[in-house]
Amino acid sequence: MRVHTVVEEADARYITNSGMLMQLKLLSEAMYQGYHALDTLTFQLHDDEEDSTNCMVSDSSISLCSATRFKRQRTVLASAKKDKVAALDNLETAVANISEFVALLCGCDERLSRRPYDAYLYIGNFMFGRHAEKQKLLNFLLQQNPSDDLAPPPVLPIIGALGVGKKTLVAHVCADERVRCKFASILHLNGENLLNIVDHEKAMLGMPSLVVVEFVSDVDDMKWNEFYSFVTRTASTRSKVIIISKLGTLARFGSVRPIFLDALSYEELWYLFKNLAFGSADPAEHPRLVHIAEGFAKEFHQGGSLVTANAFADVLRSNLNAQFWLSILNKCRKVMEKNLFAYGQLPNLLFDQGREGSSQNRITKGGVWRTTPRSFC
């Protein structure tokens with residue numbers, strides 16, 4: 001709770017100190033690990049109580065039931081204790097200098113406009129986590145360019161696998177009022193049609209512009225130089241360029257250190273998916289559903305995406321029924337197994353390589369299954 005309070009407050013401030021951003025990342029990681037360890041303890045202990053109730057009270061079954069329950073409790077508690085100790089150690093490390101962090105945070109007077117977290121639970125294009133990365137991107141967009149009139153616009157590459165939230169991160173930060181006031185125009189281009197930027201010459205001429213380019217494949221250096229020269233000649237010296245791609249080789253075009261977006265940790269994904277799937281319902285009232293939800297989180301962390309997780313959570317939230325959730329989870333697992341058996345790799349890795357699944361189990365950019373979540377219902 002203490003760490004969550006600090007992370008939420010930091011998320012609402014404009015932080016430019018790189019050391020504070022590193023500490024914010026550590027705090028948020030420790031927070032999600034702590035929540036996961038707490039859920040593990042809470043709901044596994046609830047299962048043990050449920051097992052005790054379900055044991056038949058007869059002479060022939062008491063000893064077998066007790067032995068089985070004792071063995072399971074011993075295994076569960078040992079695993080839970082290990083996770084709890086690790087999470088507690090991380091939390092204690094994170095809060096060791098939290099007073100200094102909070103004091104520095106108070107010096108960040110400028111506050112960001114933000115909506116309460118709950119407001120994002122029912123919005124398709126939401127922003128979750130990425131506290132440090134969000135601040136880094138904001139710093140890049142708001143800082144002043146070199147005063148040299150001949151200096152080319154700075155270029156920031158944002159690199160990450162498919163479905164990790166690169167475009168969502170850019171869209172979220174570009175919605176900030178100060179970013180929109182800083183740039184006269186925000187252009188979004190497809191890397192395959194890079195030179196189509198000439199069509200926007202009139203809008204860019206002498207004006208501060210933000211150009212966001214998404215690349216799905218590598219680009220020839222000559223073609224990039226032609227594009228970059230046009231932006232330099234046409235736009236104001238206050239203009240900036242953002243590259244979005246899964247290809248690390250495109251970082252060579254950057255003029256500043258790239259932002260690398262990794263997949264969410266399992267603990268982060270679990271925290272997100274649990275909140276999305278249950279919505280306003282209390283997970284403590286549905287312990288059976290919590291375990292099924294953890295099964296979904298494991299599948300999505302192994303071979304899914306945030307888009308997939310959000311889509312399935314939307315369907316599950318509409319029907320808090322264990323049989324319904326379990327049937328969808330089993331079908332998801334079967335599709336994953338079919339792709340793994342047919343191609344030797346998980347669907348998201350196949351899509352990263354530009355390959356598709358079989359005609360029966362087509363992989364789509366929005367997720368790892370051809371069928372939509374509702375078609376499983």
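Student: Is Arg252 buried or exposed, or partly exposed?

Tutor: Partly exposed, at a relative accessible area of 39%. Buried means under 20% relative accessible area, exposed over 50%, partly exposed in between (1.4 Å probe, protein chains only). This is a predicted model: local features need pLDDT of at least 70, side-chain atom pairs need 80 or more, and totals for chains, interfaces and linings use all residues. Numbering runs from 1 along each chain as its sequence is written, and side-chain values use heavy atoms, without hydrogens or water.

Student: What does Asp221 meet in a salt bridge?

Tutor: Arg252, at 2.9 Å, N to O. A salt bridge puts a side-chain nitrogen of Lys or Arg within 4 Å of a carboxyl oxygen of Asp or Glu. Asp221 sits in helix α9 (221–234) and Arg252 in the loop between β4 (240–245) and β5 (259–261), so the pair ties together parts 31 residues apart in sequence. Helices (H or I, at least four residues) and strands (E, at least two) are DSSP runs, numbered from the N terminus.

Student: And how accessible is Asp221?

Tutor: Partly exposed, at 39%.

Student: What about Arg13?

Tutor: Arg13 forms a salt bridge with Glu9, 2.8 Å from N to O. Arg13 is buried at 13%, while Glu9 is partly exposed at 28%.

Student: How many salt bridges does the structure hold?

Tutor: 10.
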